[in-house]
Amino acid sequence: MSESVIASQRGIDVAALQRVHFDRDAPLLEVDDLHVEFHTRDGTAKAVNGVSFTLHEGETLGILGESGCGKSVTAQAIMGILDIPPARVAGGKILFRGVDLQKMEEKTRRHIRANKIAMIFQDALSALNPVFTVGWQLGEIYRKHTEASRSQAKAKAVELLDLVGIPAAKERVNSFPHQFSGGMRQRVMIAMALALEPDIIIADEPTTALDVTVQAQVMKLLSDLQQDYRMGLILITHDMAVMADVADKICVMYAGNAVEQADVHQIYSRPAHPYSKGLLESIPRVDMKGQELAAIKGLPPVLVDPPPGCPFHPRCTFARERCQEEKPELYDVPGDRRSACFFWEEVISS
Amino acid sequence: MGRYLIRRLLQFIPVLLGALFLLHYMTVVGIQISGDPVRALFGDNPPPESVLAAMRADYGLDNPCLDRRFDPCVAMFVERLGQYATGDFGIDLRQGRPITEHLGERFPTTMRLALIAVVFETVLGIALGVLAGLRKDRFVDNLVRASTVLLIAFPVFIIGTLIQVYVGVKLGNWIRGQDSMPDWFGQMFTVTYSADYPWLSLILPGLVLGAFSLAAIARLTRTSVIENLRADYVRTAKAKGMPGTRVVGVHTLRNSLIPVVTYIGFDIGNLMAGAVVTEGIFGVPGIGQFVFQGTQNKDAGIVVGTVTILVLVYLIFNLVVDLLYAVLDPRIRYD
Amino acid sequence: MTDPHSLEGILSKGEPGGSEPGPAAKERSRSLTADAIYELVRNPVFWVAGTLVVIVLTMAVVPGLWANQDPNVSAECDIQLAQRSPSWDRPFGYTTQGCSMWGAVVYGTRNSVFVAIAGTAAIAVIAITLGVIAGFYGRWIDSVLSRITDIFFGLPFILGAIILLTILTTRTVWTISAVITVFLWPQMTRIMRGATIATKQRDFVDAARAVGASNFRIIRKHIIPNSLAPVIVIGTINLGQLIAIESTLTFLGIGFQPPTVSWGLLIQAGAGPALGGTTHLLWIPCAFVVIATLSFILLGDVLRDALDPRMR
Ligand SMILES: Nc1ncnc2c1ncn2[C@@H]1O[C@H](COP(=O)(O)OP(=O)(O)OP(=O)(O)O)[C@@H](O)[C@H]1O
Ligand code: SF4
Ligand SMILES: [Mg+2]
């Protein structure tokens with residue numbers, strides 16, 4: 001029996017992705033007017049409310065915003081790992097190299113995960129399964145996406161651990177997650193994402209749980225690897241300094257809406273939306289859950305019952321009467337950037 | 001693992017001694033309050049005092065500390081420990097045979113009964129719990145939740161007597177009356193234990209015995225599956241592109257079973273108590289029935305000796321389960 | 001995590017727990033108690049279980065309200081009528097003693113319920129005292145108490161009760177509840193200890209300490225009121241559990257003794273004849289035990305759902 005026959009008997013359809021016609025010329029990832037809702041007891045929460053962006057090879061897109069603004073939900077929608085229900089993708093398109101992932105059959109789409117788009121989570125201790133060795137958890141990817149045997153998978157796992165700079169990888173491969181330090185665990189997460197050399201990595205607050213010195217090491221590893229493999233990276237972080245360092249362009253989210261999109265230098269020097277401006281003035285810390293930001297009074301709106309007009313108007317220092325009635329669309333701003341504020345010119349020049 | 005093992009063993013010794021002392025203390029306080037059990041054995045027409053005194057001496061009940069209320073009788077306890085160490089758990093008060101001899105004869109029957117109960121409760125309990133957990137708040141889940149609460153409200157002796165009447169007698173008689181049914185089939189719905197069918201006639205008592213724990217296991221599994229489905233590592237498994245069956249079957253289930261295993265250790269205590277009732281009702285000649293008869297005949301020798309052994313078995317079993325727990329959960333093993 | 005060692009733990013649903021309350025939760029103005037009452041009155045299970053509990057309690061206190069054939073009065077019973085099956089004018093039939101079955105179960109309620117109440121009350125007093133002391137003062141008191149509860153957990157409850165009750169010759173409401181208390185106090189004590197430790201770490205306890213409140217005052221004003229919810233929930237579930245336990249012990253011949261009237265004794269007396277076909281002798285008292293147990297358990301369960309803010 002050939003290996004591929006054995007593999008298909010194990011329910012692995014290795015060739016699944018080869019039957020999909022990806023458009024090599026299309027952008028790596030296009031998210032178009034994405035809407036995600038949660039059905040809760042208190043009503044429908046619009047966690048993501050019309051987010052669009054494009055990601056190209058080797059590019060890093062940063063997503064910024066307060067806690068609860070829908071960053072992780074956006075990431076999980078792209079991965080296709082939202083819990084449905086309570087979540088529901090209520091609209092929009094997610095195109096990977098021109099192919100609509102939403103229309104793909106689940107058994108094909110699961111190969112997109114890890115093969116094409118991989119994800120790194122915030123808290124590696126809880127994101128790794130406590131009862132299996134890291135080698136097993138890495139090897140599993142090879143065993144379920146390729147025809148690798150157990151021993152081949154394990155050998156690959158050792159290589160990966162080596163690649164992300166874990167000393168004595170041969171021995172460590174048999175250790176359990178809780179036996180690693182925080183930084184090392186996050187390296188394991190990165191290794192896991194890299195296993196099948198995906199085209200896109202989504203890193204959701206990859207360094208938040210780590211010490212400052214370790215944060216820098218892990219971030220450096222991640223961006224080095226991104227350069228080496230020319231991957232697209234979507235980086236979600238509250239750390240504005242890291243963001244400025246790593247990101248090429250930035251999407252600022254507020255209460256499920258994309259409120260500003262621009263080149264990193266433009267945003268950091270001349271924000272075109274009052275919310276981005278407030279965020280930048282709140283440096284260094286914007287990651288305190290449920291607490292007010294230094295430069296923006298008040299808290300984000302309740303998602304089941306957002307205010308009419310511009311969702312930001314209750315907290316906005318630029319707000320006028322118009323803002324309470326009409327919701328601003330995402331206006332084009334010179335310099336290939338966009339802002340969801342009627343008065344962006346005023347904001348830029350302030 | 002080694003360190004965990006040693007620590008667990010070190011904890012085991014005081015608990016073991018403490019539990020044995022507690023049993024001893026209960027016994028002596030009972031005697032100090034109610035008078036000695038030899039007397040109680042004969043009810044209204046006791047033999048002459050000289051005979052009683054001789055019997056008391058035989059059973060070591062002539063110790064003066066037994067006359068002082070709430071005296072812990074430590075010397076007696078130490079002496080008892082010595083006897084336990086040599087495998088002497090006393091004799092029954094009527095025939096004067098060693099308890100261990102009785103238990104040796106009765107052990108295989110009880111083992112068969114326990115096996116049926118454990119297989120039934122774990123297999124069905126885990127299956128129902130997983131099903132309900134995966135379909136949370138849907139029809140199956142509501143059904144499992146409602147029926148398990150109901151089952152928990154039924155004490156074993158009530159399930160036992162009701163099943164005996166309605167399944168054993170009513171349904172059983174009807175089945176045994178059908179010519180088309182094979183003889184062995186009717187034995188599965190038996191009213192009492194029959195030595196000719198050492199397994200089949202234990203099926204009904206086994207289901208009765210496992211009923212409460214079935215409900216408990218189903219509920220614990222359900223809760224634990226629901227908790228684990230929300231766990232970050234389950235999301236990671238999805239993000240790694242694992243098929244849905246594997247996300248549930250490997251990543252969720254493995255972790256969900258850890259609390260269930262701890263419960264099963266604790267459950268052995270339930271099963272022992274339940275066996276007293278179940279074997280009593282169905283006339284199963286096992287260890288439970290022995291205790292049942294002991295309580296009915298007020299034979300303190302049987303009750304104290306057997307319960308002591310059962311407690312030892314319970315403690316040792318729990319030790320084993322704790323070690324198994326460490327095998328299942330590496331966080332404990334490598335602590 | 002749920003505690004599989006108590007019925008309360010087995011019943012727990014392990015719902016949401018940590019899911020972030022977010023800004024929405026902060027805007028809720030209703031207080032916890034008001035919220036709990038609101039939850040309760042909307043829940044039909046609360047009404048059904050609550051009504052049954054009230055019925056059971058009144059049967060225990062004033063049985064004359066529900067039945068006028070007191071089986072303790074020999075004139076009310078006629079041995080000629082023994083085991084007579086239910087009929088139109090006696091829908092519950094007669095007992096093995098020839099008393100009205102309805103009268104017997106109604107008058108038998110008292111013994112079961114009194115054991116349950118006395119046992120639960122004693123357990124609650126011990127649990128609150130020891131649990132609060134161990135949880136609040138910690139250190140060696142806590143370790144000693146933990147070791148002691150470990151020992152009690154090493155002893156399967158019914159087995160321990162069997163030893164003590166086989167040897168004790170007088171078995172009244174008080175001895176039976178005392179034996180139950182002796183073996184069941186550790187469960188609730190452990191839970192109280194946990195609740196105390198949790199409350200102790202809350203901000204308002206630090207605040208009280210900062211303004212110079214004494215330990216005793218902190219315990220009385222903050223720890224106990226805040227740990228009351230679990231006591232009420234577990235206590236209610238315990239009532240149901242103790243009714244089941246009492247009837248089990250009586251059935252085994254080590255609880256109440258004839259001529260007392262109790263559910264366990266009725267079942268014990270009815271089990272034999274029921275095999276011969278007079279099934280009402282068995283199922284009627286069984287139904288009472290199960291319904292009473294179930295009502296208390298369900299009531300405890302809905303109380304927990306309403307009182308536990310985590311559930312919302
Ligand atoms: N399982 C869920 N059920 C109901 N609502 C949810 C659920 N998960 C997320 N939400 C809602 O979606 C919104 C966005 O959540 P998300 O996790 O994307 O925030 P985030 O931007 O990643 O915040 P953080 O910086 O804290 O990670 C939240 O406000 C929350 O109300
Ligand atoms: S539209 Fe109005 S409220 Fe919204 S950000 Fe601009 S100025 Fe503020
Ligand atoms: Mg997030």
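1. In this predicted model, the C-alpha centres of domain 1 of chain A and domain 2 of chain A lie 35 Å apart. Domain 1 of chain A covers 116-243, while domain 2 is made up of 254-285 + 294-349, the bounds being those of an automatic or database domain assignment.

2. On conventions, residues are numbered from 1 along each chain as its sequence is written, and chains are lettered from A and ligands numbered from 1 in the order in which they are written. Local features need pLDDT of at least 70, side-chain atom pairs count only at pLDDT 80 or more, totals for chains, interfaces and linings use all residues, and side-chain values use heavy atoms, with hydrogens and water left out.

3. Chain A holds an open sheet of 4 strands in the order β2-β1-β4-β5, with antiparallel pairing; strands are DSSP runs of E of at least two residues, numbered from the N terminus, and two of them pair if DSSP finds at least two bridges between them. Its edge strands are β2 (43-55) and β5 (99-100) of chain A, each of which pairs on one side only. Strand β1 (residues 29-40) of chain A runs antiparallel to β2(A) and is joined to it by 10 bridges, and Phe38(A) has Ala45(A) in β2(A) as its bridge partner.

4. Strand β9 (residues 249-254) of chain A is joined to β10(A) by 6 bridges in the antiparallel sense, with Cys251(A) partnered by Gln261(A) of β10(A). These two strands form a hairpin with 2 residues between them, and Ala255(A) in the turn has a positive phi of about 50 degrees.

5. Why is strand β10 (residues 257-263) of chain A described as largely enclosed by the rest of the structure? The description holds because 6 of its 7 residues are buried, that is, under 20% relative accessible area with a 1.4 Å probe, protein chains only. β10(A) also pairs with strand β12 (residues 337-339) of chain A, antiparallel and over 2 bridges, where Glu260(A) has Ser339(A) as its bridge partner.

6. Chain B comes to 14 helices and 0 strands, helices being DSSP runs of H or I of at least four residues. Its C-alpha atoms fill a box of roughly 80 × 65 × 30 Å along the principal axes, and 55% of its 335 residues count as buried. Among contacts in chain B (heavy atoms within 4.5 Å) between residues at least 6 apart in sequence, 71% join residues at least 24 apart.

Definitions and conventions: Buried < 20%, exposed > 50% of the residue type's maximum accessible area, 1.4 Å probe, protein only.
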